[in-house]
Amino acid sequence: MTTTDSGSNDNGNGMNYDVVVAGGGPVGLFLAGELRLGGAARVLVVERLAEPDETIKAGGINTAGGVALYRRGMLPDLAAAWERNRWRMRAFLGDRGPNAPRTPPKFAGHFAGIMMRGDLFDDSDPAFTDIGPADGVGLGIPQIELERILGARAERLGVEVRRGVELTGFDTDEDGEGGADGEGGVVVHLADGARIRSGWLVGCDGGRSTVRKLAGFGFPGTEPEITGYQAVVEMTGGERLGKGWNTTDVGTYVNGPFPGRILTVEFDGPPADRSAPITAEELQAALRRVSGVDEVTIHEVHSSTRFTDNARQADGYRRGRVLLAGDAAHVHSPFGGQGLNLGLGDAMNLGWKLAAVVRGAADESLLDSYTAERHPVGAWVLDWTRAQIAVMRPDRHARALRRVVTDLALTTTGTTYLVKQISGVRQRYELPGAHPLTGHSAPDLELSDGTRLGDHLHDGRAVLLDLADDPKLRARAEGYGDRVDVVTAACPGRPELTALLVRPDGFVAWAADGTDGNDRADDDLDDVLARWFVAS
């Protein structure tokens with residue numbers, strides 16, 4: 001990706017960039033790509049690290065995360081990444097020989113280390129209807145692989161990424177000194193002494209976000225109880241460890257799903273220094289304490305990280321020209337793998353809205369919907385992880401609760417409920433409209449022309465789907481030509497539906513079926529189009 005002198009490249013409105021994104025992890029890169037897709041002309045990502053972080057982190061994305069990337073045409077990239085990392089899934093697939101089907105396995109997941117059985121999962125539940133080909137494709141893909149995929153996409157879309165450059169401060173001015181023509185802006189300060197003028201700044205710079213702290217966002221939450229380690233190691237004596245998730249009188253440990261990957265959790269408070277180097281001796285001592293297996297010896301550490309259950313959320317996601325996304329906006333324990341998926345959802349929601357504001361195609365008030373929609377989702381995830389901590393504690397009350405939750409999880413109803421939460425398919429935004437699809441992620445409808453709805457979202461524009469070949473309906477969108485694509489096709493699988501308006505992030509803004517009064521439904525569509533898109 002290109003590196004450009006910060007003193008040049010004025011974009012014609014007195015600024016160097018439309019948006020600066022602080023943080024070049026998966027969320028920052030995905031957001032930057034969304035901004036370019038939405039029409040922001042100049043987008044810069046600044047990343048403190050000179051190279052992508054190879055440290056072991058998230059081990060896959062859930063259904064909602066996979067669907068988001070599928071809607072941007074990245075399904076082949078995800079499938080290729082899954083194939084490259086197929087060896088990691090051997091514990092789930094088993095050694096079935098070279099002719100085994102090369103498709104992602106059915107995996108129900110876990111809650112607080114309580115494994116759910118895939119055979120108890122009821123995939124006929126309506127929440128899983130019409131998810132499409134993205135279901136399960138992100139399972140087992142390491143975060144570093146996803147970062148490479150999103151980095152390559154950002155480069156293709158023309159995003160500029162500067163690595164090894166740290167944001168150290170910024171100045172904002174709503175009255176115009178930071179930008180031009182009285183429009184306001186942000187002057188970003190970099191560690192190399194550069195000053196960059198931008199219309200907007202988005203902090204995607206992690207749980208210890210510099211942007212969040214300097215902007216003055218509140219960050220309330222709950223204090224940590226645990227010290228956790230996750231690592232990939234070379235060890236002997238590992239055959240004496242239990243496979244998978246194990247609960248002991250001291251805490252919890254994980255052995256697998258691939259050789260050498262370990263995780264430990266102890267309820268002894270947070271570490272004194274999370275940033276201190278992690279030694280083999282430190283990991284070995286923790287593993288021995290939690291497992292009770294003194295024969296296990298760690299000889300080499302390939303990758304390691306500490307974590308806690310610190311659970312906090314910014315009191316809002318926007319302050320003037322500064323916004324937050326991903327871990328900069330919310331932190332929590334890693335249990336259930338929610339963090340990366342939550343951040344991808346933030347980026348998908350914010351990208352098209354901020355791009356529309358940058359282009360002058362929407363008023364800044366559109367950005368209020370970002371916090372309104374995403375903050376409740378983040379709050380739910382924090383509580384979901386807190387509930388798992390409560391079930392993992394080693395005291396007698398928590399262990400009694402764990403037995404009850406385990407019994408419930410090992411039922412079809414319990415498994416299906418938990419999978420719906422983990423997968424993200426339960427997410428719904430509180431949008432106006434009476435239709436049951438409104439506010440939900442759109443079903444990936446199979447259309448009569450051989451395409452699916454997801455195929456029409458690759459370009460990052462909204463889609464008005466006319467399923468009844470209604471010229472009056474199509475005429476309603478004529479003033480939104482560069483913002484809303486109109487697709488006319490039948491959907492034999494859902495004959496009750498006559499039309500959908502799907503936002504660029506894939507969520508249903510409006511829907512109609514054969515029972516709706518035509519005049520009322522058309523009036524509602526006019527209101528919804530005007531709410532989300534400014535007519536040209």
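## Spaces, a helix pair and a sheet

There's one cavity of 30 Å³ or more in this structure. It's a predicted model, where local features need pLDDT of at least 70 and side-chain atom pairs count only at pLDDT 80 or more, while totals for chains, interfaces and linings use all residues. Residues are numbered from 1 along each chain as its sequence is written, and side-chain values use heavy atoms, with hydrogens and water left out.

Some terms for the spaces: on a 1 Å grid over the protein atoms alone, a cavity is a set of points where a 1.4 Å probe fits but cannot get out, a pocket is an open set with protein on both sides within 12 Å along at least five of seven lines, and lining residues have an atom within 4 Å of a point. Grid points are joined across faces, edges and corners, and a volume is the space filled by probe spheres set on the points.

| Space | Volume | Lining by class |
|---|---|---|
| Largest cavity | About 60 Å³ | three nonpolar, six polar and one charged residues |
| Second largest pocket | About 590 Å³ | 18 nonpolar, twelve polar and six charged residues |

In these classes, Ala, Val, Leu, Ile, Met, Phe, Trp, Tyr, Cys and Pro count as nonpolar, Asp, Glu, Lys and Arg as charged, and the others, Gly among them, as polar.

Among the residues lining the largest cavity are N62, W380 and R426. Helix α8 (338-358) and α9 (368-392) each supply at least two lining residues, with the largest share, three residues, coming from α8. Helices (H or I, at least four residues) and strands (E, at least two) are DSSP runs, numbered from the N terminus.

As for the second largest pocket, α2 gives the most to its lining, with six residues.

Now the helix pair. The axes of α3 (residues 75-84) and α5 (residues 143-156) come within 10 Å and cross at roughly 150 degrees; axes are lines fitted to C-alpha atoms, for helices over the stretch in contact, with angles running from 0 to 180 degrees between N-to-C directions. D77, L78, A81 and R84 in α3 meet E145, L146, I149 and R156 in α5, where contact means heavy atoms within 4.5 Å. That contact has four nonpolar, no polar and four charged residues.

Finally, an open sheet of four strands runs in the order β20-β19-β21-β22, with mixed pairing. β20 (484-488) and β22 (508-513) stand at the edges with a single partner strand each, so one side of each lacks a neighbour in the sheet. Strands pair if DSSP finds at least two bridges between them; β19 (residues 462-466) and β20 pair in the parallel sense over five bridges.
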